[in-house]
Amino acid sequence: MHTFWVKVLSCVLVVTAIFGYSSVVQSRQQSEQIAQLELDLEQQKQIADAAQSALAAAATATDVTETVTETVAGEPSSLYHDGVYTGEAEEFGGTITVEAEIADGELIRLDVVSADQEDAAYLEAAMAVTDAMLEAQSADVDTVSGATYSSNGIIQAAAQALGKAKDAA
């Protein structure tokens, strides 16, 4: 009878070891799949950022061409018409509204006037793009790492406001 219980206990231990090993293997496979999906997502983000940069560069090239054309035609060489312009963009946290002030054809102020649903920490980090846009005199700037959606919303809203400043009569 003693050998019977030893054999039963041995079988239980073998079955438990097999199930344990199977769950470890399954867990590893899931971890590898997650890592691969994260890598794919990062690559897609890089591709999207590169595409956005290329579009912005193309828009900047168009702006330069317009500036040269205006200067040659004897019109003002400024890209922007003086005034205060607003722009809005929908992003992950909702609508972001910015206000751009143009004086003497230059962007002198860019404020986020509304971003009610944005996470405060991300929005605070993303505010760095306003300084970059003031320096560049353009919305063609890079997003803030770690606050990509918020900074992208600010950039898009600013681009809309600056577009209005270019088109103003």
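Me: What makes up the chain, and in which order do the elements run?
Reply: Happy to start there: the chain has four helices and three strands. From the N terminus on, they run α-β-β-β-α-α-α.

Me: Why is Asn152 called buried?
Reply: Its relative accessible area is 13%, and buried means under 20%, so Asn152 counts as buried. Asn152 sits in helix α4, residues 148–167. Other residues of α4 are buried as well, including Gly153, Ile154, Ile155 and Leu162. Over the whole chain of 169 residues, 25% count as buried.

Me: What makes the pair of Asn152 and Gln52 a polar contact?
Reply: The two side chains meet at 3.0 Å, and the cut-off for a pair of N or O atoms is 3.5 Å. The distance falls within that limit, so the pair qualifies.

Me: Which residues is Asn152 in contact with, leaving aside neighbours within four places in sequence?
Reply: They are Gln52, Glu91 and Thr143.

Me: How do you know that the length of α4 agrees with what a helix should span?
Reply: Here is the check: α4 has 20 residues, and at 1.5 Å a residue they should span 28 Å. The expected span takes one less than the number of residues. The end C-alpha atoms are 28 Å apart, so the two values agree.

Me: Why are β2 and β3 said to pair?
Reply: Pairing needs at least two bridges, and these strands have seven, so β2 (residues 94–103) and β3 pair, in the antiparallel sense. In this pairing, Thr97 stands opposite Ser114 of β3. The hairpin has two residues between the strands, and Asp104 takes a positive phi near 55 degrees there.

Me: Where in the chain is confidence lowest, and where is it highest, among the elements?
Reply: Helix α1 (residues 2–72) is lowest, at a mean pLDDT of 80, while strand β3 (residues 106–114) is highest, at 94. For the chain, the mean is 85, and 89% of residues reach 70 or more.

Me: What stands out about residues 71–76?
Reply: Their pLDDT stays under 50, and the model has three contacts for them beyond four places in sequence. Where pLDDT is low, the predicted coordinates should not be read in detail.

Terms used. Residues are numbered from 1 along each chain as its sequence is written. Side-chain values use heavy atoms; hydrogens and water are left out. Buried means under 20% relative accessible area, exposed over 50%, partly exposed in between (1.4 Å probe, protein chains only). A polar contact is a pair of N or O atoms within 3.5 Å; within protein, one must be able to donate a hydrogen and the other to accept it, and residues adjacent in sequence count only if both atoms are side-chain atoms. Contact means heavy atoms within 4.5 Å. pLDDT is the predictor's confidence in each residue, from 0 to 100.
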